[in-house]
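Subject: Structure for you to look at

Hello,

Here is the structure I said I would pass on. Please open it beside this message and follow along.

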Amino acid sequence: MMTVTVDFEANQLLVLRGSGILTHEEFTQSKQAVAALLKQHGKLAIMIVIEEDFSQLQELADWHDTELDAFIQQHVTSLAILGSEKWSAAAQLFFLSGLVAFPIKYFPLAHEPLARAWLMP
C-alpha cells in the first residue's frame, strides 16, 4: 500500500513524501494536488522524498504524460529527490532529468537539510 503526502510550506516549497507501492491512481491524484497548489501559489520548488519503505511503481500502469504534466513542468523552479541510492537512476529517468527546463538533483535520504538549502538559493 502506498501513502503519498503533498504539503505546501510557507517558503514556496512543495514537499511530497511517498512510501510502499505507488499505483497509477495515487500518482494521478498526487499530480492533481500538485497542480492545484501550483495554480494557487505560482511557481514552486519541489522536494520528493522516497521513504525507506518505498518498494516499487505499480507494474503495467499507464504512465503517459498529459497536459497536467506540461502545466506542472512549466511551474516548477527546481526539483530535489531524496531517497536510497538504489532509486537514484530510476527516479532521475522517471522525472526526465536533463530534459526539463528546471534543475533536478538527487540526494541521499539523510541529506534533507542539504536538499532544502539547494532548493532555496
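Predicted model: local features only at pLDDT ≥ 70, side-chain atom pairs only at ≥ 80, totals over all residues.

Residues are numbered from 1 along each chain as its sequence is written, and side-chain values use heavy atoms, with hydrogens and water left out.

Salt bridges

A search of the whole structure gives five salt bridges (a salt bridge is a side-chain nitrogen of Lys or Arg within 4 Å of a carboxyl oxygen of Asp or Glu). One of them joins glutamate 9 to arginine 116, with 2.7 Å between the closest N and O atoms. Glutamate 9 sits in strand S1 (residues 3-9) and arginine 116 in helix H4 (residues 112-119), so this pair ties together parts that are 107 residues apart in sequence. Helices (H or I, at least four residues) and strands (E, at least two) are DSSP runs, numbered from the N terminus.

Arginine 17 forms a salt bridge with glutamate 112, and here the closest N and O atoms are 3.0 Å apart. This pair also links distant parts of the chain, as arginine 17 is in strand S2 (residues 13-19) and glutamate 112 is in helix H4, 95 residues apart.

Glutamate 112 also forms a salt bridge with arginine 116, at 3.1 Å between the closest N and O atoms. These two are four residues apart in helix H4, so about one helical turn separates them. Which residues are linked in a network of salt bridges? They are Glu9, Arg17, Glu51, Glu112 and Arg116.

Are these residues buried or exposed? Glutamate 112 is buried, with a relative accessible area of 18% (buried means under 20% relative accessible area, exposed over 50%, and partly exposed in between, with a 1.4 Å probe and protein chains only). Partly exposed are glutamate 9 at 24%, arginine 116 at 23% and arginine 17 at 25%.

Helices H1 and H2

The axes of helix H1 (residues 24-41) and helix H2 (residues 67-75) come within 10 Å and cross at roughly 45 degrees. Axes are lines fitted to C-alpha atoms, for helices over the stretch in contact, and angles run from 0 to 180 degrees between N-to-C directions. H1 is therefore oblique to H2 (angles under 35 degrees count as roughly parallel, over 145 as roughly antiparallel, 65 to 115 as roughly perpendicular, and the rest as oblique). Among the residues that make the contact are Val34, Ala35 and Leu38 of H1 and Leu68, Phe71 and Ile72 of H2 (contact means heavy atoms within 4.5 Å).

Two single residues

Alanine 33 lies in helix H1 and is partly exposed, with a relative accessible area of 29%. Its C-alpha atom is separated by 9.3 Å from that of aspartate 7, 26 residues away along the chain.

Serine 78 lies in strand S6 (residues 76-83) and is buried, with a relative accessible area of 8%. Leaving aside neighbours within four places in sequence, serine 78 is in contact with Leu44, Ala45, Ile46, Phe102, Pro103, Trp118 and Leu119.

Regards
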